[in-house]
Amino acid sequence: MTETQVTAAAEKATPAVSTPVPAALVLEDGRIFRGTSYGATGTALGEAVFATGMTGYQETITDPSYARQLVVQTAPHIGNTGVNSEDAESRRIWVAGYIVRDAARRPSNWRSERSLDDELVEQGIIGIQGVDTRAITRHLREHKTMRAGIFSGDAAAATEKELVDLVLASEPMEGARLAEEVSVDEAYVVEPKDHGWEGDARFSIAAIDLGIKAMTPVRFAERGVRVHVLPATATLEDVKAVNPDGFFMSNGPGDPATADAQVKLLRSVLDEKLPYFGICFGNQILGRALGFGTYKLRYGHRGINQPVMDRRTGKVEITSQNHGFAVDAPLDGATQAPEERYGRVEVSHISLNDDVVEGLACLDIPAFSVQYHPEAAAGPHDAAYLFDRFIDLMEDIKPNTTGRTANLSGEPVDSVHPAAPSTTDNNTEDKK
Ligand SMILES: NC(=O)CC[C@H](N)C(=O)O
């Protein structure tokens with residue numbers, strides 16, 4: 001980048017515009033944190049959750065999996081690098097509200113196009129700044145994630161009791177069915193040639209958008225895989241119509257216990273023996289399709305610094321995560337899936353913080369999934385091998401003349417690494 005370009009980019013970055021007014025974060029248990037507004041003003045209701053990434057706030061707020069959540073950033077300075085038109089993970093900001101300690105007064109980065117404050121105002125996202133985000137995080141960690149509200153301007157003038165009552169009247173995350181709300185209405189295709197792949201596509205997949213992040217189809221496309229992104233309401237006929245070599249289900253917001261339609265779709269696809277890969281919500285849906293339950297974690301995993309072990313290789317990855325629910329599957333080696341026709345399954349990945357299931361691998365059908373985010377937007381790229389693993393799975397079913405660019409498929413089943421020793425499990429207390 002030349003000096004002129006750097007100056008031009010810096011000039012595009014405007015200082016924040018909104019004038020802060022008094023604001024309050026009100027938790028459903030009556031705890032109240034007072035600060036000033038950030039972004040738009042008014043009332044925002046949702047589930048208060050904390051995210052521990054030190055960077056990547058633009059990817060966080062545009063991740064559709066955060067729909068109906070009020071996100072607390074544990075990193076104290078937010079907005080420093082502004083907002084640009086390349087890092088958004090979807091067409092809009094999805095967080096229902098945004099909670100930060102110190103909002104940047106002026107963004108400073110050569111890629112910045114506008115301030116985060118401007119962007120929040122423009123998209124009508126209500127935030128609060130100047131609150132003790134460490135105290136809020138510790139409160140949520142100890143008392144579990146809960147419903148909350150951000151009230152600013154006129155909305156903050158009500159009595160504390162009135163504000164708590166508004167929060168108590170809001171919808172809980174348990175039982176929330178949100179994937180259809182954030183999904184696209186129309187199918188679209190992501191082509192390898194548009195992402196640096198030279199030559200013909202090696203494979204085609206159908207990917208169900210339950211709140212898909214933009215980088216996910218890109219990670220496939222840059223490996224030569226054409227991605228047909230289909231709406232959350234897609235049927236088996238819609239899937240078959242694109243003649244895919246593999247099937248994928250994305251991340252997404254809400255309670256996986258409500259995703260009956262997607263569980264049914266996945267079962268019908270698995271019955272066709274089409275290779276399957278799922279990320280996050282897509283992992284929970286595989287778990288349910290195999291007959292396991294899901295449950296709500298006390299405070300979930302959100303951030304780009306979450307350690308996970310791939311039990312097949314014994315390698316530890318630092319991963320990007322955003323989940324509040326988890327699959328309830330046995331950790332000890334290969335077990336028969338409760339839905340017997342799918343054969344044996346093993347927990348392939350676990351969280352090293354609390355032993356939560358972070359991945360499932362079927363041993364008798366071509367299907368696997370992870371609870372975390374290998375597309376790494378934002379986040380470390382340690383888990384990129386999973387995209388290659390899926391390509392190898394499709395290759396095994398349908399050898400492709402264009403050959404492999406990588407061979408990172410799983411180790412033989414008998415080399416499964418023993419589970420890490422169990423640790424204190426604060427995050428799974430609510431497990432039923
Ligand atoms: N990122 C995701 O796909 C999240 C899945 C699910 N909504 C959860 O919170 O666990």
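Which residue in strand 8 is the bridge partner of Ile-99? The bridge partner of Ile-99 in strand 8 is Ile-128, and the views below place this pair in its surroundings. The model is a predicted one, in which local features need pLDDT of at least 70 and side-chain atom pairs count only at pLDDT 80 or more, while totals for chains, interfaces and linings use all residues. Residues are numbered from 1 along each chain as its sequence is written.

**View 1. The protein chain as a whole.** The protein chain holds eleven helices and 20 strands, these being DSSP runs numbered from the N terminus (helices are H or I of at least four residues, strands are E of at least two). Of its 432 residues, 52% count as buried; a residue is buried if 20 or more other C-beta atoms, placed from the backbone, lie within 10 Å of its own, exposed if 12 or fewer do, and partly exposed in between. Among contacts between residues at least 6 apart in sequence, 76% join residues at least 24 apart, a contact being two residues whose C-beta atoms, placed from the backbone, lie within 7 Å.

View 2. Seven strands form a closed barrel in the order 1-2-8-6-4-3-9, with mixed pairing (two strands pair if DSSP finds at least two bridges between them). From one strand to the next, the twist averages 35°. Strand 8 (residues 126–129) is covered on both faces, with Ile-126 and Ile-128 buried on one side and Gly-127 and Gln-129 buried on the other. Strand 2 runs antiparallel to strand 8 and is joined to it by four bridges, and Gly-39 has Ile-126 as its bridge partner in strand 8. Strand 6 runs parallel to strand 8, with three bridges between them. Three bridges also join strand 6 (residues 97–99) to strand 4 (residues 69–73), again in parallel, and here Val-72 stands opposite Ile-99.

**View 3. Helices 4 and 5 on the sheet.** Helix 4 (residues 133–143) lies across strands 1, 2, 3, 4, 6 and 9, and runs at about 125° to strand 4; angles run from 0 to 180 degrees between N-to-C directions, with axes fitted to C-alpha atoms, for helices over the stretch in contact. Helix 5 packs on the sheet as well, touching strand 1, strand 2, strand 3 and strand 9, and its direction makes about 130° with that of strand 9.

View 4. Leu-163, Val-164 and Val-167 are buried in helix 5 (residues 160–168). These residues lie on the same side of helix 5 because they cover an arc of only 95° around its axis, the arc being that of the directions from the helix axis to the C-beta atoms. Their cover includes strand 1 (22–27), strand 3 (43–51) and strand 9 (146–152), whereas Lys-161, Glu-162 and Asp-165 are exposed on the other side of the helix.

**View 5. The shell around the ligand.** Among the residues that surround the ligand are Ser-65, Asn-251, Cys-280, Phe-281 and His-323, where a residue is near a molecule if its C-beta atom, placed from the backbone, lies within 6 Å of it. Strand 16 (residues 315–328) gives the most to this shell, with four residues. By class, the shell has five nonpolar, seven polar and no charged residues (Ala, Val, Leu, Ile, Met, Phe, Trp, Tyr, Cys and Pro count as nonpolar, Asp, Glu, Lys and Arg as charged, and the others, Gly among them, as polar).
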